[in-house]
Amino acid sequence: MKKFIGIFLTGVLSVSLLAGCGGKGAEKPSGEAGKDGDTPVAEQTDTEQPSGDKVTLKWPCIWSGTDSKADVIREIVDDFNEEYADKYEVIIEENTDYQAYRDGLRTSISAGSAPDIFTFDDDFELYLASGRLVDLTERMDAGWSDNFIEGALEEGTFEDKVFAVPYEMGVTPIMYNKRLLAEAGWDSFPETFDELWELADDLVAAGITPFSQMTGENAWTSMLWYSQIVLAIGGPDVYDNPEDPAFVEAAEVMQKLFEYTTGDAVGAGASVSGGHFLAEETAIFINGPWYIGRLQEDGQNDMYEQVEISPVPLFEGGKGEKGGYVGFVQAYIAAGDTGDPAKTEAQIAFLEYLTEPARVSKLSAHSGALFYIQSDGEADYERLQGQMIEQIEAAPYIQKSFNVISPAAVVNEFPQALSSLVLGEFTPQEFVDSLNSKR
Amino acid sequence: MVKSSKNFRLISVIGSILKWFFLIFLFVYALFPLIWLTISSLKTNAEFMASPFSLPETWQWGNYVKALTVSGIARMMFNSVVISVAATLLNVLITSMSAYAVSRFEFKGNNLLQMMFSAGVLVPLNALMVPYFILITRLKLDNTMLGLILVYTAIGIPISTFITTGFMRSIPRELEESAVIDGANFYVRFKSVILPLSRTGIVTAGTFQFLTCWNEFVYANLLTSSPEVRTVQLGIRYFTNQFSTDYVSMYAAIVISIVPSIIAYMLFQNQIISGLTSGAVKG
């Protein structure tokens, strides 16, 4: 056995030291990656290194692996590489674990470097402060800005200069299962919170748990509920004053919502809260357009067909308006400044390519996601996606969610504070104080 | 007399039942997560969501095929083996020498050095991300296995030195003194006396180091970007993304990734167990 182990270890060391250790992992042009998402990664590697004068851009891409946007993004990059075969080449570096991607990106920025192309969802100020973002203003003024829906570019603008492209739009309407509502005797979603409580009682009477909630991980679904309720009570300007009584009142509503949720909601993660809705164990849920694919693939008993969406009900006496929506930039795209004009040229060329309306329409139709790019008029939207667009267009306002407008420390505190609130350890006032103490 | 014998037999049977009940309970308690993981890896996602604790209607062996082919986990496992073995060997080579110095010799700053090794155990790995990132990228070792091997070797030095020092300190000084009388120099004493007698401690430190390397994710994700050099932990997360997770394929990948650890444990279990328990009887 000793001899065997000795030979094995010697072999492994030899292989590692002589064959592969010092060599850089072959960086593949995305054109070699599989288009169907099922192509083995191991087979994506037999490609040549980027050649001579060609400018190579690396893109640590979160839209890879099994992500719903992965296939079309890969296709767009392949087309770009083919079209600019003599000049530019984009290499996708797959990053499927989002939290790890974020940590890596922040580390890279802190270390004074930024990837050639990258996406982020918050902390625009952090990336801006690094001084590593390519200024896109000149090309925007030259006509590129026509690709974007009105006002969108303000989200990526600082002191009249555009440093990031607002790309994916996050909206988070209420999703409900009309089959379960029908079992409770309802054929439409409530328009007011008073009606919502009546519906909840009727669902309970019919043996159905009304709401999916969670306090584990980042408490995503429940945080969206809190955002919706704060806005319904305090109106779209509520975030201007963190001491607004709407925050405390919304916390009281959250306590009541948790009386109508599953027994495992405290400590539950996204898979649990979403799993209950997908398994038709709960009737009402909040999430974004990216969840449509899950409804289609993982919903029990063809439940996708039963799902409809609605804006949050009106809160009686609240300042929110009927149809008010929660929305935010789900993904910005930016380019890391290297000081090399040729690279900057390539980066902007690729970003323009990526934001071309026809390509984005295809990406939207394929993934269910919504974007800040003008439609090319030929978009074939999925049913729920179409409903969201209609509701967005009819919305009197679209305001950001609580996590987007809050500092990271508040966002990190939210799950724990919410657990304490719904377990009765915090009063609604203490819940709000706990969050405000982190500002 | 007969009655007393019967009572004794009854107590003995009850004791035996209780003992077996307790052992089976511990067995199930220890193995349940692994069994649950394996069963879950053979379901569909819909089944997993609907009833996490039931048996699958049809055993989905395809999840394993998907885990092996789509994520390229086989290649990543090979990378993990190479990186973990190399980083472990390098680590124990360095730390056995450092432990020899600090445990067997009196010199100025020895206590401070030992304190620094001990303090190093307490430093959270995430706190070192930026310096390691700068170091490795400036050395142009990012996206290479060598870069990861060096980082893993370094981050394991405090704990390995800490463990090995304890073992080396327990070796009687007389043995080394006898070797000196026999004419053994510094290197011979280290190689022929101290190293063989510290084997259990070195294997213990090496086992911890190997498992740390095998399970490490943060630095693997930070310092590598292509599948040719990425490790198995990144392969496992191939099935998760920003908003959804293919749980069953991920669980299949996890089960696959556990196998080498189990094999390594089976190969070295004698050393590991004796290493873990020997401290209990040494003065």
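Predicted model: local features only at pLDDT ≥ 70, side-chain atom pairs only at ≥ 80, totals over all residues.
Residues are numbered from 1 along each chain as its sequence is written, chains are lettered from A in the order in which they are written, and side-chain values use heavy atoms, with hydrogens and water left out.

Chain A contains 17 helices and 13 strands, taken as DSSP runs numbered from the N terminus (helices: H or I, at least four residues; strands: E, at least two). Of its 439 residues, 59% are buried, that is, under 20% relative accessible area with a 1.4 Å probe, protein chains only.

The largest nonpolar core has 161 residues; such a core is a set of buried Ala, Val, Leu, Ile, Met, Phe, Trp, Tyr and Cys residues joined through side-chain atoms within 4.5 Å. Helix α8 (residues 220–234) of chain A supplies the largest share of this core, ten residues. Among the residues with the most contacts inside the core are W59(A) and I284(A).

Helices α2 (residues 70–83) and α12 (residues 341–354) of chain A have axes that come within 10 Å and cross at roughly 130°; axes are lines fitted to C-alpha atoms over the stretch in contact, with angles from 0 to 180 degrees between N-to-C directions. α2(A) and α12(A) are therefore oblique to each other, being neither under 35 degrees (roughly parallel), over 145 (roughly antiparallel) nor 65 to 115 (roughly perpendicular).

Conventions:
Buried < 20%, exposed > 50% of the residue type's maximum accessible area, 1.4 Å probe, protein only.
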